[in-house]
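Me: I have a chain open and want to talk through its layout. Can you take my questions as they come?

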Amino acid sequence: MSEESLIIEGDKSQLDQVFMNLITNASEALMSESGQVLVSTGLSHYDSTDLIAFQIGNTQSAGSYVWLKISDTGCGMGSETQEKIFDPFFTTKFTGRGLGMAAVRGILLRHKGHIQIETEPGSGTTFTVLLPSAMPQELELDPEEKTSPRKAEKRVMIV
């Protein structure tokens, strides 16, 4: 977990839904096996070249982003599943589900966020979510200091 204060602007209930969907999917990917779900956060500067690697994101504007990584040691996904994961009603689970990741996509687009999936069958999955930082200008990271923690006051997001 990041020790610096991470500030974003957004709808709390919608962002809670994003985080809960990703954490629930990671947990279910373990398929009743022992394994790990790891959640980490931080603040980094991304340029437009960095953002090309993200599957979802309606803009590729450089800047400081709060990132949230959710990793699991579960079953992973093949390329066919990855291509459909954000489609409404697509699911690899029992009937009656399949809106979670479509909702994640919509919420992130509304919040000018991005998401990246790193996965291989049998090797687990890592979702990286980026949300634009709302830190005061004087506290934002210098592009050269991608991982240096900075202190901010007033608001803290704890996941």
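What follows is a short chat about this chain and its helix H1.

Me: What kind of model is this?
Reply: It is a predicted model, in which local features need pLDDT of at least 70 and side-chain atom pairs count only at pLDDT 80 or more, while totals for chains, interfaces and linings use all residues. Residues are numbered from 1 along each chain as its sequence is written, and side-chain values use heavy atoms, with hydrogens and water left out.

Me: How many helices and strands in the protein chain?
Reply: Four helices and four strands, in the order α-β-α-β-α-α-β-β from the N terminus. Helices (H or I, at least four residues) and strands (E, at least two) are DSSP runs, numbered from the N terminus.

Me: How much of the chain is buried?
Reply: Of its 159 residues, 40% count as buried. Buried means under 20% relative accessible area, exposed over 50%, partly exposed in between (1.4 Å probe, protein chains only).

Me: On to H1. Which residues are buried there?
Reply: Leu15, Val18, Phe19, Asn21, Leu22, Ala26 and Ala29. They cover an arc of only 155° around the axis, so they sit on the same side of H1; the arc is that of the directions from the helix axis to the C-beta atoms.

Me: And what is on the face turned away from that side?
Reply: That face of H1 carries the exposed residues Lys12 and Ser13.

Me: What covers the buried residues of H1?
Reply: The cover includes strands S1 (37–46), S2 (63–72), S3 (114–119) and S4 (125–132), along with helix H4 (100–110).

Me: How do H1 and H4 pack?
Reply: At an angle of about 140°, with their axes 9 Å apart. That makes H1 oblique to H4, since angles under 35 degrees count as roughly parallel, over 145 as roughly antiparallel, 65 to 115 as roughly perpendicular and the rest as oblique. Axes are lines fitted to C-alpha atoms, for helices over the stretch in contact, and angles run from 0 to 180 degrees between N-to-C directions.

Me: Which residues meet there?
Reply: On the H1 side they include Gln14, Leu15 and Val18, and on the H4 side they include Met101, Val104 and Ile107. Contact means heavy atoms within 4.5 Å.

Me: Is phenylalanine 89 buried or exposed?
Reply: Exposed, with a relative accessible area of 63%.

Terms used
The expected span of a helix is 1.5 Å times one less than its number of residues.
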